[in-house]
Amino acid sequence: MKKETWPQNNFDVCIRCATCMAVCPVSRVTPKFPGPKQAGPGAERFRRPDEPSVDEWIDLCFGCHLCDMVCSSGVNISELNLIAKAKYLDEKGRPFRDWLLTHSYLYGRLGSFFSPLINRLLRNSQIKWLVETLFRIDRRRELPGYESSTFRQWFKEHHSKGNKKVVSTRNRVAYFYGCYTNTNEVDVGKATVEVLEANGFEVILPPQRCCGIPMLGNGDFKGARKMGLYNVPSFLNAIRSGSDIVFSSTSCGYMIKHEYSRLLSIPKAEEVSGHLHDLFEFLRNLKESNGFNTNFKELPRKVGYFAPCHLRALGIGLPALEILRLIPGLKIDNIEADCCGMGGTFGFKKEKYEISQEIGKDLAEAIDRLKPEIILSDCEGCRMQIRHLTGLKVLHPIQILRDALTR
Amino acid sequence: MAHYDLIVIGMGLSGLMAAKTAAEAGQNVLIVGKGMGSLCLFSNSIDVLGQLPKTMRMRDGLSRWVKDYPEHPYSKVGPERIEKALSSFLSLFPPPYSFQAIGNENCLIPTGAGTRRPTYLIPMTMVGGASVDEGHTLIVGFKGFKDFYAHYVADQLKCRGITLSLPDVSNQEITATALTRLMGKKSFRENIGIEIKKQLHGETRVGFPALLGMNDPIQVKEDLEEIMGAEVFEIPILPPSIPGMRIFNRFKDWLIQKGVTFLLGYSVSKAILNGKRCEGIEVLRPPVTTSYSADRFILATGRFIGGGLKANDEKISEPIFNLPLSQPQSREGWFRKSFFNDLPHPIHQAGISTDPSLQPVDERGNLILENVWVAGSILAHHQCIDEKSREGIEIATGYMAAKFALER
Amino acid sequence: MKIKTEVLIIGGGATGVGILRDLALRGIPSVLIEKGDFASGASGRNHGLFHSGGRYAVSDPEAARECIAENRILRKIAPHCIEETDGLFVSLPEDGLDFRDKFLRACEEVEIKTTLLSRDEALESEPELNPNLLSAVKVPDGSIDPFTLVLENAKDAEGHEAKILLHTVMSSLILDGDKVKGARVKDLLQGEEYIIEASHIVNATGGWANQLLKLAGLRIGMALSKGSMLITNQRFNHSVINRCRPPSDGDIVVPNHTVSILGTTSIRLEGVENFEVTSQEVSLLIQETSKMIPAIQEARFIRAYAGIRPLFQSEEKGNDRAISRGFVLIDHGKRDGIKNLITITGGKLMTYRLMAEKTSDLVCEKMGRDVLCSTHLKPLPGASRPVGLKERLKQFSTDRGEILCDCELVPRKEVEEFLKTGKLKDFQDILHRTRLAKGTCQGGFCVYRLFGILHDLRMAEGDSNKILKGFLEERWKGIRPILWGVSLKEEELIESIYKGIFNL
């Protein structure tokens, strides 16, 4: 990818105030990563595009964007890191493992089809040892299990049962469900559709592929761009026929809404961005225009809400928290921690697993102080990590909302 | 478009105070900002007016000050309301991690350069430093932590210093946040406590760089004191400021809990003006621009570091509302010929001029925007670096800007 | 105390140290005194251009010939002080192409290799160039680190038994009829006064030449010309960018480590102390250089500095640039009747070795010794060390340890090594020998840390905070002229730390 299409690198405006250092979760737990100030604007003064990369620590940054959020000079630190990471990995070569981790959409449906067998294998300790030895995927990490019926399959059935409540296109919304919802956490998709329908919307599924964020996170700009080039025209069709789009995974959403245009320069991505919303942001907008179904049952539970990094980067506040506070009986608290440490594919890698866990420990401690029954989070990566760290029940907030509405 | 009672622009201490004050009054508040202000840079303790003569009571000092400097932000607030503002701040920090003034006057605390600085409200973790005696204090540094040097501080304070080696950090650097995190672990504290105790030569106080844990610094302090049998205190160091972050985190958690919409990470790109009213603000998250409207707005965007004021090679401007600024005639007049002077550099006094209710006015004193108030260091006619008044101005004007706005 | 030697050299710039090395390699015992640190005059205050000679090809072919010859020699003996960046002579629309054609012919005459590039080729290699440029000519320019160069010469000289006394000033010359017998000198750090006896004296003091000659009741015609430079925070160009037109203000941008240096101006001065960069010079430099590299208009600057060119003039000439940049070797025996005093003046950093060779030849002639120069053949001591930005970044990666200066990636180890040699007494000397304080924050953080290390090593002398304040005051001179935009933010940060947190 030619450098001209990348956004302007603005490392020049860094004043070395070290505010970014105060929030970086990685440099908090390991000295191997020099911290955002050094890794980004600091090292950039020494990098030359025609010289080989020597930043062997650069892939310790997993793009949580916390540094970007607090840099008052406006340095796009994680972007600088990502571009440097891409160059480094392009030169060094990427292991097959990274391909496996970033192309799960290719074999996801196979996983569902053979789920009883696959799930058993994924839990088998010898298999996990083998996977670690061959591919350096840490055996301590629980690999997500597959569901036998995909979300798409469920939706097809659901639609054919004549569940169309509204015919007019004015109340139609398109749903980007994401790979994980489709094959590993179908109930999130179900809950999304049920809640949207309960608010008078017909839900459609535009043709869609993986959003590409696993690839982007591993510095594979080409692969990520391919996904975007497929998705954007499909989304535009939906938008131009009158449907806005919602997403239930904040990572997918951030990718499409911001990275497609900024980093990947996908044509017309800006138009999509204007009509793409986080699911709870969409519901909050409904609430503000008095179109929100608040027929809630009582739900006497103590839950903790954890805001994913990509949700913070979306800059929409905490809409899930705002909405769920309306449910009678529900005691919901915001968990005071900044990053779960999963970092997408980061936490699966053997050489990164312990860092991921150390970061997660701080979150686990915060959860422990709160002692909730259930944890809620809008990102599948966070949900995986929190389950792994605490063993508690972890759900997407939409699942609780669905429970309050329909049952 | 989302609508709020009040939008606070800026997430430094003045913005946070304004948001708190409004939220307490039941207002629907949005606070938007990029960065954490100077809290995590310079704010280790709460300066109110460090420049006052020693042993002058703060109340008397402030009363004198507002008479001598009628344009100063403190004069817009008044000594009584400054006190109320400080109380409001203090209410966020109930024991054990509370702030206190020693004898209602300024106290002197040691710094990372071995000097002493005057300040007013100090957290409980710094109280021991206010009475550093020669010969009774041990200063402790950490090998690999390059923003604090025990011998440097000790030599200047004329006491003893030691540098501890950290077991896992051989030949590596350790960042402030990593060391703070380690301090938060009981086993780590025990190890260093035992090690330091071995090296005590009868000292009764032990000074550390200001990173005694993020979430429960008092626990850290007490554990160390128990093991070593000596009083423990923290010393302000180079940025990032961990004590400042504690303040930020506390505000953040409180505001989110209270239902304030807390948008950290993006700056306001534009204000939507309609004559003398501000209708709303725009926030750009490329490629999307989102608008927010409100009845009232508080501008608390800080000075140059935070981008509240911008300077090209000719003049200074305020980028969001394009408010006129009180400033020196030309760039030549911004800074004096030497760095250290008896008088401050004139540029530090530049900023937004306001009427007594903290609303922005032009050179003739006419109100520019009827539903906008200004708070914090962006105000003109103060120079918080030399005065040692930064946090006091931020707290007092943040509090009052909200109060004034609510009266309308 | 008395020191006896054959040759006393006064002046620790490139010329003086070059002469010391030359004589040392010829086996002639010499001593050099310098009132400050190495390269504290023009040698340490230029834009670091490693000349191809292109700049003189049209106006002064002799000087150009000298330059290209030295260019080839220095590449062999001092590769580690040089970054081989090449250079471009860029013609903008208002320059036309006549001068460029003249330039090409002139370079050919003096054997400077040139390559004519098309507009696209030029923009490909230097994306920040003005896209409206007409043409670009590639020449073998480069970027040189003057301080390292001087230090290396000094090291080699000391390795051959020469003696160097820094922070040593001459109080008076000991005259005896038509000869100078020696000098009374004072060690400024220890306060000691003593005598150095020598049979020959070389005045290599650059701009201070007349101050020294005054002690012998002599004087030469000299013009002092101030040249100011600006340093940007990032490196905009990777080869030297020259304007293809007769030499003028603001016509060069030199890449140097992590930054670009914009140069230069030419303003007559009366004295050699207390000069500063004016805001008019700042505006002029930005205005002119941004014609070649438009991004400079919005660039962030981290420092402004000036140096003084000593120009020998035998008669009054109007424009300083017209006075020959060639060097002048004055035998005061022939000119003034003082047999064993020589002054070497004029010239430029690029030809220091040649100046040293000619001076040493004259000294040998006066001594009746027949030893040839070998400085062009023998490489300087550190010549095999790999250098460059990539090396610094790599070192940062593999063997990090504590990094003292975050901006320039200077490890604590490197600084401790200097300190442990025990030779450095003056704080500024430590700064000169590393890239500490040369980056974005200009020492805002690393100098504080340096004091910390001095205390850790129990090497701190005097009141550290007083010295720290002195450093901040000195630093101020370089940043005050460029304080706007982002640099102003940086200043607010640094001031808030030192006056605010530390209450200095």
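Predicted model: local features only at pLDDT ≥ 70, side-chain atom pairs only at ≥ 80, totals over all residues.
Four strands form an open sheet in the order 2-1-3-4, with parallel pairing. Which strands stand at the edges? They are strand 2 (202–204) and strand 4 (276–278) of chain A, and each has a single partner strand, so one side of each is left without a neighbour in the sheet. On average, and with direction ignored, neighbouring strands of this sheet are turned by 35° against each other. Strand 1 (residues 172–176) of chain A runs parallel to strand 2 of chain A and is joined to it by three bridges, and A:Arg172 stands opposite A:Glu202, which is in strand 2 of chain A. Helix 15 (residues 250–262) of chain A lies across strand 1, strand 3 (244–247) and strand 4 of chain A, and it runs at about 150° to strand 4 of chain A.

There is also a helix pair to show in chain A. Two packed helices are described by the angle between their axes and the distance between the axes. For helix 10 (residues 151–160) and helix 12 (residues 186–198) of chain A, the axes come within 9 Å and cross at roughly 35°, and the crossing is right-handed. Helix 10 of chain A contributes A:Phe151, A:Trp154, A:Phe155 and A:His158 to the contact, while helix 12 of chain A contributes A:Val186, A:Gly189, A:Lys190 and A:Val193. Sorted by class, this contact has five nonpolar, two polar and one charged residues.

Moving to chain B, the domain assignment gives domain 1 (2–96 + 245–407) and domain 2 (112–236), and the centres of these domains, taken over C-alpha atoms, are separated by 33 Å. Twelve residues of domain 1 of chain B are in contact with 14 residues of domain 2 of chain B, and the domain 1 side of that contact has six nonpolar, three polar and three charged residues. Chain B also has cis peptide bonds to point out, among them the bond from B:Pro95 to B:Pro96, with omega near 5°, where B:Pro96 is in the loop between helix 4 (79–91) and strand 3 (99–101) of chain B. The bond from B:Pro286 to B:Pro287 is cis, with omega near 5°, and B:Pro287 is in the loop between strand 13 (277–285) and strand 14 (288–299) of chain B.

Finally, 20 residues of chain C are in contact with 19 residues of chain A. On the chain C side, helix 11 (389–398) and helix 16 (485–501) each supply at least two residues, and helix 11 of chain C gives the largest share, six residues.

Key:
Residues numbered from 1 in each chain as written. Chains lettered and ligands numbered in written order. Contact = placed C-beta atoms within 7 Å. Domains from an automatic or database assignment. Nonpolar A, V, L, I, M, F, W, Y, C, P; charged D, E, K, R; others polar. Axes fitted to C-alpha atoms, helices over the stretch in contact; angles between N-to-C directions. Left-handed = near helix turned anticlockwise from the far one by under 90°. Pairing = 2+ DSSP bridges.
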